[in-house]
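Student: I am new to this structure and would be grateful for a guided discussion of it. May we begin once it is in view?

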Protein chains: 2
Amino acid sequence: MEFKYNVRDLKFILKEWLPTEEVLECDRFKEFFGMEDIDSILTEAYKVCREVVSPINVAGDRNPATFENGVVTSPPGYKEVYQFLQKNGWGSSSECIEVEGGMPLLLFKGAFEMISAACPAMGSNIKLTSGATNLIINYGTEVDKKRFLPKMLSGDWQGTMNLTEPSAGSDVGDALTKAYPTDDPRIYKIKGSKMFITAGDGSMCENTIHLVLARPTNGCKGSAGLGLYIVPKYWVNEDGSMGKPNDVTTVAVEHKMGLKGSATCMLNHGENDECYGIMLGAPPDKQGRSQGLAMMFRMMNESRIGTGHNANNQASSAYAQAALYAQERVQGYIKGERVPIIKHADVRRMLMDMKAHTEGIRAMIFKGYYSLDIAENSNDKVKAKKYKEIASILTPLIKCYGSETSVALSCEAMQVLGGVGYTNEFPIEQFLRDSKILTIWEGTSFIHGQDLVKRKMRMGDGKPFADFMAEIKSFIDENKATAGLEKEFNNLDKAYSCLDEVRKLYESWHLNKASELIGLYAIRSLFICSQVVVAECLLEQALIAQKKLAELPEDHFDVNFYKGKVASAKYYANNVLPNAFILTEIIKSADKASLECPEESLIVS
Amino acid sequence: MEFKYNVRDLKFILKEWLPTEEVLECDRFKEFFGMEDIDSILTEAYKVCREVVSPINVAGDRNPATFENGVVTSPPGYKEVYQFLQKNGWGSSSECIEVEGGMPLLLFKGAFEMISAACPAMGSNIKLTSGATNLIINYGTEVDKKRFLPKMLSGDWQGTMNLTEPSAGSDVGDALTKAYPTDDPRIYKIKGSKMFITAGDGSMCENTIHLVLARPTNGCKGSAGLGLYIVPKYWVNEDGSMGKPNDVTTVAVEHKMGLKGSATCMLNHGENDECYGIMLGAPPDKQGRSQGLAMMFRMMNESRIGTGHNANNQASSAYAQAALYAQERVQGYIKGERVPIIKHADVRRMLMDMKAHTEGIRAMIFKGYYSLDIAENSNDKVKAKKYKEIASILTPLIKCYGSETSVALSCEAMQVLGGVGYTNEFPIEQFLRDSKILTIWEGTSFIHGQDLVKRKMRMGDGKPFADFMAEIKSFIDENKATAGLEKEFNNLDKAYSCLDEVRKLYESWHLNKASELIGLYAIRSLFICSQVVVAECLLEQALIAQKKLAELPEDHFDVNFYKGKVASAKYYANNVLPNAFILTEIIKSADKASLECPEESLIVS
């Protein structure tokens, strides 16, 4: 199947909807990028995806990374494509902070969206390298930067994140990996096992730079005691040249349902007591506290948004394939004529459902990137602070709602194709398999539900969240009389009130320390909040589209695009958003059956 | 992982909830089975599943059926297990109609549920053989029966259904396969291609008996023109002995996301003009009409229920694995103590969600089997007619709601496990992959949605459906004051009213010939109806459990089972059933965005 992607919607987001120029005018970018670059970057990225990236996606699934005699070999073509993307500005050198000529997230992610849709496993390889590189940029010394950055940015080396251990998954703070001091105060001996390390080993690059969470010998218990260490697969000398192997051993590669193009590794650090790591940040304080996890989390906001983005990109690509198939596949009759299945009401509903969801979630995601760009780059400190807060509110919504929704959308895409969608003749079954992990990694859905109700709603005594809601309310009040969208704004207004009720209810639960209820309804509250935000984004876009439709002649080539935008908003507001009403009723009813049911009754023995 | 299954719930259904004795007292069964056999049959089946069936499930996924030099080889162990099950009464000889000593569906399906959960691909092999056998029993001549039945029932041969063709999927009536008359009026030459033939070839049996839809030369257009033919892979002589190959060629085996243990084949019939089939039923009438599809559909009610059942069995097995894992896996802290994850609120919610859904859908399924048993075997003609109607109303609900729900439940089970659930170390990712096809085959979800709103709600001028609803209403009115379940009955009453509103709305749409709305909201209407039925079943069971709890001492070993039944009903009524309220509002709002959106706007080009 040829790779198809909705570039038009990306252009709409960057050029017609979001105030992208505010970002491009920031000091860091103004000499390098202008609004006129958007089209050429997106067009070129689309070409790269069609010609270079998408051909290796199926290959990576059919010929997963192998693990033989301790050596991991990446799938065919992965090395070439990884290096092509990294060397040509489609990867870390454009994404990482402080790199001269780097792109704002808005621009980079527009292009990267297509790369991640064309080959999710390759997208992950790049993202992990960017994440590791950003940590070194942010917390490394000048020596560290000279040592590692050039080759990490050039694509010669790749980067990974080592958090999980066999007994420390969602609960990273229980990590057992140790860091022992050496004569050099910045160099530690590392010893321990890490698992589920995405792209943890392979043959794409000559070296792999692991960022490893480990507990120094004088570190305290729990997550506060963890430090962060740069642990290269091959030691790197101060001049950036490679030395001998650093005692990092791959002991297993997971057999996964999907995302087979990237090897998910179990790594042993220091089996022979010869694994060394360079400390990032300061050594533990007197209470044994390090900033390892905090440093990693500071860089994780973007990668959590990136995870939701990855999920939505796959769902978008599955939708594009399903729509094409629906237009071509002839089956069934209407008024005596055999018709392509796009004419059948339920196929229309499914396509509309995928379109509205993927566009709406994409909009929420890019609002997140815009917020991060302003937060990082604006000279206006008040504005930067405000958008930092907004980004931090949007992060759990994007990660959890984006990933949970994508699996259902891939199922829907398969349903459009019928039996043939269940075969590997089409890429949809691979998207379904590849995307399911995204509800789990970078924090499970439950972790993000709790992040919203315990932290994001309450940070700064609840003021940022109240401000966030107030902006939605203003938008509703200003536009609710818009002709043709009255019903939709009315639904958004109702859903807004629901969210407000839930927020207040949670306040009372926090006051009463009803901790079990707080957890029990966390994901459902996150869904309500996400549905409000997505509907708001789609209605903002529909207002622009309505104006365009009033201006353009009926036969203009872009008319169908704008009609589609209005339809997405209407569909979502009328068919999806009402779920927020009933979720609110369910939360208010505070049923505790699942907590009151004895544990023994839940076990099948 | 050891195979675990909720046998206790099956016993509850057969011995405490449904009036199984009414079925066992029917003439066909009364000499062979009594209530005292239920425990031993279920216990023995569970043992067979643990020891014989479940070990081949993973093997079939890792070593799918191969296709080399035109020969299909079944996965290791499949031949032995298939023959073991068929020869020992766990397959077609117990399931098929009119076979002496055959079981009522209630009993057979109780045992078969576990077989299908232990190895879904093996379950499909047996079900297809039973389906083909039942067609010959019902519509074959005495000669046909002598020719085919002994070896189909013994496990020496297997059976398949040949419906789909490359250009005839959901629209079977467009089939191009032809049947040409020969000198023998019951024997036709068959010529054409059939695809997606589950278990269409393999090395389990010495012969495969295909039941093939084909159009006789004097057959009319459309589905009415299709006849049904017995087409053996090797010709079968009248004495039942095997003759020469019958020109049925396997030309391809599909590469599927799951259910890899059974080969899904493309078959060419009559490539060399030497393929013969034996006609079932009468030749075409003067208008060219045959009863081929009607015969097949008459036998499909059970297999559609069976498809929903298969889905729910896999979800149940995934739930059992997730619950065990949650009890054993330690992660996170509560009040300073590391705890097994079953203590965390969201894990509790997910387990409760899986428990309530799988038990509720299982109950609806067994109500369906009970209805079929009474319909086929009761001497009371009025009662038989009534339950035939009930079975035909329940069929689309079970098929569509059961299969659509199962995929979401397998995702939920994986979520409980986290990253490890994404690997093939646990069987859950295989259940997710294996079960997704069940929303497609035996009629897609849309076909069943339409079956409900166009046929089942309206058959007999709507009286059977009105009677069906009236029984639900009586149940509510009789029990709504039950102490401890007031809120739940109140929700069921509200959902009942919703269903009634939807039914009336559909009546008006039918009157106004609003055919697009009828299709557009069909699946959502089916979900409302299903949720009402499932909630009713769970509340019926909760009433029994409440009585038991009042009788039993608190330390009785069965107390937790009954507490769990009450919790399932409460959870479903308070957390799932309210979705019917909002779906009703959505249907009433009759949004048409997806129909009004131009086709071009839905395509990503």
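Salt bridges, domains and helix packing

Student: How many salt bridges does the count come to over all chains?
Tutor: The model is a predicted one. A salt bridge is counted where a side-chain nitrogen of Lys or Arg lies within 4 Å of a carboxyl oxygen of Asp or Glu. By this rule, the count over all chains comes to 92 salt bridges.

Student: How far apart are the closest N and O atoms of A:Asp346 and A:Arg349?
Tutor: Both residues belong to helix H13 (residues 345-377) of chain A, and because they are three residues apart there, about one helical turn separates A:Asp346 from A:Arg349. The two form a salt bridge, and their closest N and O atoms are apart by 2.8 Å.

Student: What percentage of residues 111-156 of chain A is helix?
Tutor: UniProt, in an unreviewed entry, assigns residues 111-156 of chain A to "domain: Acyl-CoA dehydrogenase/oxidase N-terminal". The end C-alpha atoms of this span are 22 Å apart.

Student: How far apart do the end C-alpha atoms of residues 291-455 of chain A lie?
Tutor: An unreviewed UniProt entry lists these residues of chain A as "domain: Acyl-CoA dehydrogenase/oxidase C-terminal". The span is 76% helix and 5% strand. Its end C-alpha atoms lie apart by 19 Å.

Student: What percentage of residues 468-596 of chain A is helix?
Tutor: For these residues of chain A, UniProt gives "domain: Acetyl-CoA dehydrogenase-like C-terminal", again in an unreviewed entry. The end C-alpha atoms are 36 Å apart.

Student: Are H9(A) and H12(A) roughly parallel or roughly antiparallel to each other?
Tutor: Helix H9 (residues 120-139) of chain A packs against helix H12 (residues 300-328) of chain A at an angle of about 165°, and their axes are 11 Å apart. Angles over 145 degrees count as roughly antiparallel. H9(A) and H12(A) are therefore roughly antiparallel.

Student: How many polar residues does the contact of H9(A) with H12(A) have?
Tutor: The crossing of these two helices is right-handed. On the H9(A) side are A:Pro120, A:Ser124 and A:Lys127, which meet A:Glu302, A:Ser303, A:Gly306, A:Asn310 and A:Gln314 in H12(A). By class, the contact of H9(A) with H12(A) has one nonpolar and two charged residues, and its polar residues number five.

Student: Is the crossing of H12(B) and H15(B) left-handed or right-handed?
Tutor: In chain B, the axes of helix H12 (residues 300-328) and helix H15 (residues 428-435) cross at roughly 165° and come within 10 Å. That angle makes H12(B) roughly antiparallel to H15(B). The crossing of H12(B) and H15(B) is left-handed.

Student: Which residues of H15(B) make the contact with H12(B)?
Tutor: By class, this contact has four nonpolar, four polar and one charged residues. H12(B) contributes B:Gln314, B:Ser317, B:Ala318, B:Gln321 and B:Ala322. From H15(B) come B:Ile428, B:Phe431, B:Asp434 and B:Ser435.

Student: How many nonpolar residues does the contact of H17(B) with H18(B) have?
Tutor: Helix H17 (residues 463-479) and helix H18 (residues 486-511) of chain B pack at an angle of about 160°, with axes 10 Å apart. That makes H17(B) roughly antiparallel to H18(B). Their contact includes B:Phe465 and B:Met469 of H17(B) and B:Phe489 and B:Leu492 of H18(B). By class, the contact of H17(B) with H18(B) has one polar and four charged residues, and its nonpolar residues number nine.

Notes:
Residues are numbered from 1 along each chain as its sequence is written. Chains are lettered from A and ligands numbered from 1 in the order in which they are written. This is a predicted model: local features need pLDDT of at least 70, side-chain atom pairs count only at pLDDT 80 or more; totals for chains, interfaces and linings use all residues. Side-chain values use heavy atoms; hydrogens and water are left out. Axes are lines fitted to C-alpha atoms, for helices over the stretch in contact, and angles run from 0 to 180 degrees between N-to-C directions. Helices (H or I, at least four residues) and strands (E, at least two) are DSSP runs, numbered from the N terminus. Angles under 35 degrees count as roughly parallel, over 145 as roughly antiparallel, 65 to 115 as roughly perpendicular and the rest as oblique. Contact means heavy atoms within 4.5 Å. Ala, Val, Leu, Ile, Met, Phe, Trp, Tyr, Cys and Pro count as nonpolar, Asp, Glu, Lys and Arg as charged, and the others, Gly among them, as polar. UniProt positions are given in the numbering used here, feature names are shortened, and annotations may be inferred rather than shown by experiment. A crossing is left-handed if the near helix is turned anticlockwise from the far one by less than a right angle, and right-handed if clockwise.
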